[in-house]
Amino acid sequence: MRPDSVDEIVGQKHLLGPGMPLRVALESGHPHSMILWGPPGVGKTTIARLMAKAFNLPFIAISAVLSGVKEIRVTVEAARAHQSMTGEPTVVFVDEVHRFNKAQQDAFLPHVESGLFIFIGATTENPSFEVNSALLSRSTVYTLEALRPEDCLELLERARARFYQDLTITQEARELYVDLADGDARRLLNALEVSAEMAQTRHLKEIDRSFLQKSVPAAQRRFDKGGEAFYDQISALHKSVRGSDPDAALYWLCRMLDGGCDPRYIARRVMRMAVEDVGLADPRGTQLALEAAEIYERLGSPEGELAIAQAVIYLAAAPKSNSVEVAYNAVRALIKKDRSRPVPLYLRNAPTKLMAELGYSDGYRYAHDEPGAFAAGEIYLPEGLEGRRWYKPNPRGLEIKIAEKLARLDALNKQAWEQGKGRKR
């Protein structure tokens, strides 16, 4: 069922329709290196093969799962031999390119730059994170989408008409095929093949929903996965927690687990949610996130996943604060553009006699010796930054009390300065 022309490809109209980028590239006569990014079974390999066919160039396919430096070397030698005879480049297709390490990806660079290769990489992962920036900058990224329901129905009918003309498929069974496909042409064709072969063995002329459920039960568990990319789902999970919707957060968590995501990855992201979006409004959230990760390590799947779910629901229901992140980013931005301000002498330690003679630590007030363990009127920022405030507690959760305490300390500082007791610069 692999298409022999662009017009036979099902789906990807945003790239292959008239005047769209990939069709223009195929019709231009000027091949270029590219990264094809999309979920499984949407035509990445097919497009790469059609690219080589359109330009009448040799096609070499490498699987990053099965190949290494040796296979890359063999490919280079074959491409050089072809170029020495014809002066033409070779289309080199690397499936699952994100599985190559940095050194392996770097091995393609000189050959892409020299024109020996027309490099086409296929990946299900975000190339911004998984493909070296040098290789990425030399390639055009095309984003492929999961097949839509109407695309799956079209492909289903094509395959039935070509291989199983004597079979009919009920409308309910067609809808179930679409659900089983989950936007993946390969899964759709596999499901059709298994069910149709079984129907022919039993001398059936029709496939209905009941028969289909019995013939391919293993795929039913992922009916509603929808085909979204992995990174989109973790983004949806994070935003649901931030938006205080525990039900949506639990839904996206289960979607990712059902899709095969490593629970350890989710646990790490849940820690990030705790410090980024709950923070000091409820520090227990951070502790619960840490405990969830540890519980999962001790129990494994599926029992340990419940602890992650507990942390997700807690964080979604917790009061929200990003005041720590805002303050942290603001100070980092200041430091990047500000001059290097010296540490005030009274804040420096004086472990040697010379340092003491130079005034190190002179006048420092030890907070524990002060009333309330607070040196009212002391200044800890460098000269020129006195009084600057970056951390501003949000009026939610524990930060309400933090704000109240900081306000009391501010009042003590002000009183000390008014009485001439605070530090003066």
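1. The residues that line the largest pocket divide into 15 nonpolar, seven polar and ten charged. Here Ala, Val, Leu, Ile, Met, Phe, Trp, Tyr, Cys and Pro count as nonpolar, Asp, Glu, Lys and Arg as charged, and the others, Gly among them, as polar. The pocket holds about 800 Å³ of space. Of its 32 lining residues, M1, T46, A185, R186 and L189 are the closest to its centre. On a 1 Å grid over the protein atoms alone, a pocket is an open set of points where a 1.4 Å probe fits, with protein on both sides within 12 Å along at least five of seven lines, and lining residues have an atom within 4 Å of a point. Grid points are joined across faces, edges and corners, and the volume is the space filled by probe spheres set on the points.

2. This is a predicted model, in which local features need pLDDT of at least 70 and side-chain atom pairs count only at pLDDT 80 or more, while totals for chains, interfaces and linings use all residues. Residues are numbered from 1 along each chain as its sequence is written, and side-chain values use heavy atoms, with hydrogens and water left out.

3. Helices (H or I, at least four residues) and strands (E, at least two) are DSSP runs, numbered from the N terminus.

4. The whole structure contains six aromatic pairs. Rings of Phe, Tyr and Trp (its six-membered ring) pair if their centres lie within 6.5 Å; planes under 30 degrees apart count as stacked, over 60 as edge-to-face and the rest as tilted. The pair of F59 and F93 is stacked, because the ring centres are 6.0 Å apart and the planes stand at 25°. F59 belongs to strand β2 (residues 59–63) and F93 to strand β3 (residues 90–95), so the pair ties together parts that are 34 residues apart in sequence. F59 is partly exposed at 24% relative accessible area, whereas F93 is buried at 2%; buried means under 20%, exposed over 50% and partly exposed in between (1.4 Å probe, protein chains only).

5. F163 and Y164 form a tilted pair, with 6.4 Å from centre to centre and 50° between the planes. F163 is partly exposed at 45%, and Y164 is buried at 9%. Ring pairs also link F100, F108, F117 and F119 into a cluster.

6. Two arginines deserve a comment. R348 lies over the face of Y360, 5.0 Å from the ring centre, and R423 lies over the face of Y346 at 3.5 Å. A charge sits over a ring if NZ of Lys or CZ of Arg is within 6 Å of the ring centre and within 35 degrees of the ring normal.

7. Most residues other than glycine have a negative phi, and most peptide bonds are trans. D182, which is not a glycine, has a positive phi of about 55°; D182 is in the loop between α10 (171–181) and α11 and is buried at 10% relative accessibility. H203, also not a glycine, has a positive phi of about 60° and is exposed, with a relative accessible area of 69%. S301 and P302 are joined by a cis peptide bond, with omega about 0°.
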